[in-house]
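Subject: Structure handover

Hi,

Here is the structure I promised you. Please open it next to this email and follow along.

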Amino acid sequence: PVLDTEDAWLSVEGPVSIVELALEQKRIHYPLVEHQFVLCTVLYAIMRLSLKGVKPLSLFDSKGKNAFFKDLTSIQLLPSGDMDPNVLSIRQQFLLKVVSAAVQTLCSSQKDREVSEEEYFPFEKGKNWPTLAADLAQYLQISEDLVRRHYVCELYSYGMDHLGEE
């Protein structure tokens, strides 16, 4: 972009402006940032829902693992459309665990009527973990319908039929 400046500012001496510094920065490789975002979301879900026995890096193939340790401005080989069936199976199991843990947390907070969902998750107002899992399914190449069906089955199994019908 062209930065127009007034003549009075041309003679000013001092440090370089933040705008000029920003324009000098290399452009980031956006798919690599998305890849990092998926890892952060996975790690946050594991931490927040207290999932045991999940190895986050097992959800990615070798290209995906290597991409995590590269500069965001570099263009890396990211996983292609063809995935190892074992990795897809691990991803599917992880997403189903997230949904199950979210429904279990919701159900336990509903049983303890004195504790509202906002008090249980104070920094996550409006955070819907099953919806987040369905969104994450797109990035992990898993069928969203599978995740949504599992969510409905979990709601019915915990006796929350009114939510399952919706």
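First, a term you will need: a residue counts as buried when its relative accessible area is under 20%. Keep in mind too that this is a predicted model.

Start with the aromatic residues. F60 and F68 are both buried. A search of the whole structure turns up 3 aromatic pairs. One of them joins F60 and F68, in an edge-to-face arrangement.

Next, the nonpolar core. Which residues have the most contacts inside the largest one? They are L51, F94 and L95, in a core of 30 residues. The largest share comes from α5, with 9 residues.

Now zoom in on F94. Leave out residues up to four places away in sequence. F94 then touches V42, A45, I46, L51, V54, L59 and L136.

Last, look at the surface. I18, V19 and L23 form a nonpolar patch there. Together they have about 290 Å² of accessible area. V19 sits in helix α2, which covers residues 18–24. Is V19 buried, partly exposed or exposed? V19 is partly exposed, because its relative accessible area is 41%, and that class lies between the 20% limit for buried and the 50% limit for exposed.

Have a look at each spot in turn.

Best wishes

Notes
Residues are numbered from 1 along each chain as its sequence is written. This is a predicted model: local features need pLDDT of at least 70, side-chain atom pairs count only at pLDDT 80 or more; totals for chains, interfaces and linings use all residues. Side-chain values use heavy atoms; hydrogens and water are left out. Patches are made of residues with over 30% relative accessible area and no salt bridge: like charges are joined within 9 Å, nonpolar side chains (Val, Leu, Ile, Met, Phe, Trp, Tyr) within 5 Å. Accessible areas come from the Shrake-Rupley method with a 1.4 Å probe; for residues, only the protein chains shown count as cover. A salt bridge is a side-chain nitrogen of Lys or Arg within 4 Å of a carboxyl oxygen of Asp or Glu. Helices (H or I, at least four residues) and strands (E, at least two) are DSSP runs, numbered from the N terminus. Buried means under 20% relative accessible area, exposed over 50%, partly exposed in between (1.4 Å probe, protein chains only). A nonpolar core is a set of buried Ala, Val, Leu, Ile, Met, Phe, Trp, Tyr and Cys residues joined through side-chain atoms within 4.5 Å. Contact means heavy atoms within 4.5 Å. Rings of Phe, Tyr and Trp (its six-membered ring) pair if their centres lie within 6.5 Å; planes under 30 degrees apart count as stacked, over 60 as edge-to-face and the rest as tilted.
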